[in-house]
2 protein chains.
Amino acid sequence: MQTNEAVTILAALAHESRLAVFRHLVEAGPAGDTPGNLAGALGLAPSTLSFHLKELSHAGLVTSKASARYLVYSVDFARLAGLMTFLTQSCCRGMPSECLSTMETALAGCAAAPATSTEKACCP
Amino acid sequence: MQTNEAVTILAALAHESRLAVFRHLVEAGPAGDTPGNLAGALGLAPSTLSFHLKELSHAGLVTSKASARYLVYSVDFARLAGLMTFLTQSCCRGMPSECLSTMETALAGCAAAPATSTEKACCP
DNA sequence: TCGATATTTCTATAATTCTCGAATCATGCA
DNA sequence: TGCATGATTCGAGAATTATAGAAATATCGA
């Protein structure tokens with residue numbers, strides 16, 4: 001991943017509303033969710049939400065597809081994983097051992113979670 | 001890690017110059033580097049660099065300590081690891097298996113690197 | 001002490017980002 | 001076709017962030 005690509009993704013996530021939208025879509029999983037639901041759940045004006053979705057979309061973090069009269073946005077998990085790999089690589093160039101142990105702990109927590117779980121217990 | 005904390009960290013990294021500064025400091029490792037060197041290496045005006053270092057510092061990503069006439073900035077690796085854990089947790093709530101395999105690959109690459117290496121071969 | 005160097009803070013300006021009402025564009029249904 | 005609904009785009013104003021010269025602060029060495 002190029003540096004400027006990483007900047008775009010980081011900027012997309014570096015906003016309270018956008019991070020909330022993104023996390024909401026993460027929770028929704030591959031099935032995704034519609035702008036209407038998101039706006040209602042997060043208390044955002046439709047045009048404001050659309051602005052933020054465009055940012056996330058431009059960063060490649062979410063994609064949308066039309067479904068009847070609705071749009072369905074969903075997270076591109078590979079893109080998020082790509083950012084994490086980029087950050088991990090940054091970290092490991094400085095202090096690999098410390099980062100390794102931290103990340104392994106985080107991953108261990110995730111590994112315990114069922115793949116399509118709707119509960120929040122996995123990663124407290 | 002709280003959401004607004006994550007937003008602060010993401011925002012601190014979501015700028016070309018700041019990400020460059022941060023990565024330069026990562027390369028420097030625990031020994032750190034001075035604003036003078038950073039400004040020279042990255043071609044930034046001293047006041048501009050100072051502005052960005054303040055942002056990174058405010059996000060807790062870097063710390064500084066005085067050394068003679070110089071200041072030495074260095075990365076707080078635990079803070080970066082904290083952000084990565086936060087993102088990993090987000091990822092694993094949606095599609096654990098995919099994220100797991102990606103992260104494990106990234107970590108495997110890092111594990112092969114010597115802890116205080118100055119070469120760039122570890123994480124291409 | 002004086003001068004040189006390192007760094008930050010101040011200040012002003014420029015640029016970007018954010019918000020949201022209004023207008024616009026589709027789609028599906030009666 | 002006409003209407004209601006879902007979503008985006010447009011436009012204007014507000015707020016935030018970025019840049020960099022100038023001034024201020026601090027430390028070292030001569």
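Mentor: Before we look at this predicted model, keep in mind that the expected span of a helix is 1.5 Å times one less than its number of residues.

Trainee: How far does helix 2 of chain A reach from its first C-alpha to its last?

Mentor: Helix 2 of chain A covers residues 16-28, which makes 13 residues. At 1.5 Å a residue the expected value is 18 Å, and the span found in the model is close to that, at 18 Å.

Trainee: Which residues of helix 2 of chain A are buried, and which residue follows the helix?

Mentor: A residue counts as buried if 20 or more other C-beta atoms lie within 10 Å of its own. By that cut-off the buried residues of helix 2 of chain A are Arg18(A), Leu19(A), Val21(A), Phe22(A), Leu25(A), Val26(A) and Ala28(A). After the helix comes a residue with a positive phi, near 70°, and that residue is Gly29(A).

Trainee: Which helix gives the largest share of the side of chain A that touches chain B?

Mentor: The contact takes 47 residues from chain A and 47 residues from chain B. On the side of chain A, at least two residues each are supplied by helix 1 (3-13), helix 2, helix 5 (77-94) and helix 6 (96-111). That side divides into 30 nonpolar, eleven polar and six charged residues, and its largest share, 13 residues, comes from helix 5 of chain A.

Trainee: What kind of axis relates the two copies?

Mentor: Chain A is superposed on chain B, with an RMSD of 0.1 Å, by a rotation of 180° with 0.0 Å of shift along its axis. The two copies are therefore related as by a two-fold rotation axis. The same surface serves both copies, since 100% of the contact residues of chain A recur in chain B, and the axis asked for is a two-fold rotation axis.

Trainee: Which helix gives the most residues to the surface near DNA strand D?

Mentor: DNA strand D is surrounded by 21 residues, and the closest are Thr34(A), Gly36(A), Ser47(A), Ser50(A) and Ser47(B). Two or more residues come from each of helix 3 (35-42), helix 4 (46-58) and strand 2 (70-75) of chain A, and from helix 4 (46-58) of chain B. With five residues, the one that gives the most is helix 4 of chain A.

Methods. Residues numbered from 1 in each chain as written. Chains lettered and ligands numbered in written order. Predicted model: local features only at pLDDT ≥ 70, side-chain atom pairs only at ≥ 80, totals over all residues. Near = placed C-beta within 6 Å. Helix = DSSP H or I, 4+ residues; strand = E, 2+ residues; numbered from the N terminus. Buried ≥ 20, exposed ≤ 12 C-beta atoms within 10 Å, placed from the backbone. Contact = placed C-beta atoms within 7 Å. Nonpolar A, V, L, I, M, F, W, Y, C, P; charged D, E, K, R; others polar. Least-squares fit on C-alpha atoms with pLDDT ≥ 70 in both.
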